[in-house]
Amino acid sequence: MPENKRTASGALGGILGLVGLSAVAGLLVTAAVTPAIAVSGAAASSAITIFDEMPSYLQPDELMQPTTLMAGDRVLAKFYDQNRSPVTFEQIAPVMYDAVLSSEDPRYYQHGGVDLIGTTRALLNNAASGETQGGSSISQQYVKNVLVQRCERDAKAVEATETTVGKTRDEALQECASAAVQADGPEGYQRKLQEMRYAIQLEKEYSKDQILLGYLNIANFGGVTYGIDAAAKRYFNVSASELNIGQSAVLAGMVQNPNRFRIDRPEGSIFDSDGTPYNKQPDGSIDDVDQSTIQALYTLRDNGEITQEQLVAAADGYSETKGRQLYVLSRMEADGKITHEQYVQYAIEPITPNLSETEQGCGSSGAAYFCQYVVSTILNDPAFGAETDDRVRALRQDGLTIQTTLDWRMQDAAQNTMKENTPESIEGMKFGSTAVSLEAKTGRVLAIAQNTKFTQDRELSESDPSYNQIVFAGDSTNGGSIGFPVGSTFKLFTLVDWLEKGHSLNESLNGRLRPVPNMTNSCAGNWVNQGGTVINNFARNPGYVGTPMMFTRDSLNTGYLAMAAELDLCDIAKVVKKLGVTKGTGEDIEMRNANEVIGSDNVSPLAMAGAFATVANGGTYCQPKVIDKVTTADGEERPIPERTCEAALTPEIAATTAYALQGVMQGQGTGVDANPYDGTPVMGKTGTHEGFQTWMIESSTNATTAVWVGNWDGDKDLFGKYAKGNQLSSMRYVLAKDIQSAANEFYGGDRFPDPVSNLLRTQQRDLPNVVGQSIDSARSTLTGAGFRVTVGEPVDSASGSDTVAAQSPNGGSAPAGSTITINPGNGQGGTVPNVDGQTVAAARAALAAAGYGNISIGGCQRDANAPAEGQVTGTNPAGGSSANKSTPIALSVVAKECP
């Protein structure tokens, strides 16, 4: 076993220090504690002056306590530097008081804060031996613990300057704590005197029971376990009120050196210089146990009170702690707190920990990424402190209870479908997926699910892609993500601006694939397509002349580019901002080019969910929130992060926008596969960016769900790749459908308000007459004028198949976007010559010359005055009409004699 050794010179130095301390402590403390005793002499008077000039008032700070995140009535996670659960005096077993007083301060209720007998004995022993004995009263130990906790509370990193050496927070803490417990040299004696001074004053301010309770609530019991109740739960899985004699003796024995005597280290809590462990779990042998440590057991054996087997069983496990327990039990027996029979009973009882885990942090949470988002909020929001250190303290030391917005029903639904339908990782890519749900009317975040396993170990996440510390649903401030390109979900903002400018959902535009030459941006400067770049549609769709209603349903890029070309990109950017959306880095989206119209910017899923929730909420934007309430350890409410709900859109614009977005979720809409079809109306929008990011956002009037599936880093194609039975590009649909189905079940939803009729109006446009134009030219003319075109069957005409022979409706005006039918000629048509008044022979000749060869007399009327050869009075078809050249022509004639 390791041994402490002390040289003669060291002992002499200690004795000399003792002389100095005795001159002060022996007289000054006596004077302070028992002022009625006369103290005379110049030296004593001077010493008293020094003592009196030391600070005398120490206000114990609030105990450090874990901050607890709650979700409903369930604990989401705990965070602490000191795991503590303070209790009242009555909530501690009386035997625990007996144990700590008998072993630490048997004259506690007799002295006035300093036990002169114990202090003097300890100083003499310290000076002459290798053992360091504290000799401190309970009041003094309480003072020391208060000062150490203050160090931990106030320790801050120090930046290096030209004149000072920098230090980390841990270094600053260690320096402060060492000063608070310094036991050697002049500084140690000075600290001891100050400790005494504070202890004396505490006894004037507080009752004995208050100080004793304060000590047991503040004391360290190994690692981050502080306070008697947390210790009882940690080591024995009982509350402080349930401790028995043996357990109380173990814990009382720990306080002098908590980490040395802790019993939650099966492999050992003490290590020799060569790494040999001691104070470990039972291994069947006590050969490595120093007999002096457990001498009390040998004495009981030698007295015939216990057997060798009982000795071995008792001493085998956690032998150093057993030695401390035996000391405490012996002091309890000596003080009459327990009988000799009880002493023997617990002396031979092996120390058997029944550990309860003290997990903290989001890793142990059932909603790790939601939890981590809350943590980011706490560490970044001024509601928890003006400085970073203040916010860290709020999270880890202030004992707050933070009620979050998480709904376990939604979280479980989201995480279950995420687990069932998405892999944690995919070889060869950095695959990710997340889903976030909001309560549309409040902005409360109901759930955040993610495909990866949470860790804060960066090395682990870098080596194993199934782990990640980034909250994909968040942004760079809250969650560590910079967002993802949002694709066509971003068309929402162009749609809103289109309606706000008074345009109709049924207005016709040319959405055919073509270069858009330029777009106006009155804020950042116009965008000019100098290279004539053509921005494609999904699946190489050539586009069409259509309406915003159709473009939204089909997610047609070229249609939305046509809309944006008639708007001001600066105004679209203003819509983006007022709906709470920025880049994932926090920067404003300025809409400087055409690609931004169709979602090239990185945005967080939570921000996009908030924007769609605004539409669902009748135009009122509620900033997403994850915290409902914060209370202190005393039960007082404190301010929560400020989040507001403000009107961003008029109800009319919101209703008409929702009307267009409902088309996405019905019929041939791109989002129909994500519609739960459970009777709750939903609106939504799909999004795809370059094949490597996919989105699905949908909402009822009450709850909004945003799903992203893609590459959290990199640009691997999602199409044509499968996992868990789903194409990667289609996973978004099943995720969104399952989660929104749960939202509809738990939160319901109403019918969306009717759109505004003025924003659905059909406009009349001038209709060009294209008869005689080539088919291609006519199509271009009509589509350019805002009409759709269909080519009908050929009609009789002299013109050929490449020329328009007829159109319907004819030139003039027609509803914008309506379909115009054009008919090519068949080359078989002609105009029947007007042969009225001609002789029959002349008429036949004229018709034949025009290509009509099937001629007959259709009717004859006798007339004595008619020419001898007969005269034509009409034809069928009539002259001047169009007719196929094979059409029979019947002549009506007058003649002197009819056949």
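A disulfide is a pair of cysteine sulfur atoms within 2.5 Å. With that in mind, the structure above holds four disulfides. Before we visit some of them, a word on what you are looking at. This is a predicted model, in which local features need pLDDT of at least 70 and side-chain atom pairs count only at pLDDT 80 or more, while totals for chains, interfaces and linings use all residues. Residues are numbered from 1 along each chain as its sequence is written, and side-chain values use heavy atoms, with hydrogens and water left out.

Let us start with the whole chain. Its C-alpha atoms fill a box of roughly 170 × 60 × 45 Å, taken along the principal axes. The radius of gyration is 45 Å, whereas a compact globule of 899 residues would have one near 29 Å. Here the radius is taken over C-alpha atoms, and the globule rule is 2.2 Å times the number of residues to the power 0.38.

How much of the chain is buried? Of the 899 residues, 51% count as buried. Buried means under 20% relative accessible area, exposed means over 50%, and partly exposed lies in between, using a 1.4 Å probe and protein chains only. The chain exposes about 38,700 Å², and carbon and sulfur atoms supply 48% of that area. Such areas come from the Shrake-Rupley method with a 1.4 Å probe, and for residues only the protein chains shown count as cover. Turning to contacts (heavy atoms within 4.5 Å), take those between residues at least 6 apart in sequence: 70% of them join residues at least 24 apart.

Just after helix 9, Asn237 takes a positive phi of about 60°.

Now back to the disulfides. One of them joins Cys362 to Cys371, with 2.1 Å from S to S. Both Cys362 and Cys371 are buried, and their link is left-handed, with -75° about the S-S bond.

Another disulfide joins Cys523 to Cys570, with an S to S distance of 1.8 Å. Cys523 lies in the loop between strand 12 (518-519) and strand 13 (527-528), while Cys570 lies in helix 23 (residues 569-578), so the pair ties together parts that are 47 residues apart in sequence. Are these two cysteines buried or exposed? Cys523 is exposed, with a relative accessible area of 55%, whereas Cys570 is buried, with 4%.

Further along, a disulfide joins Cys860 to Cys898, at 2.0 Å from S to S. This pair links distant parts of the chain, 38 residues apart: Cys860 sits in strand 31 (residues 855-862) and Cys898 in the segment after strand 34 (889-895). The torsion about the S-S bond of Cys860 and Cys898 is about -80°, so this disulfide is left-handed. Cys860 counts as partly exposed at 30% relative accessibility, and Cys898 counts as buried at 18%.

Key. Helix = DSSP H or I, 4+ residues; strand = E, 2+ residues; numbered from the N terminus.
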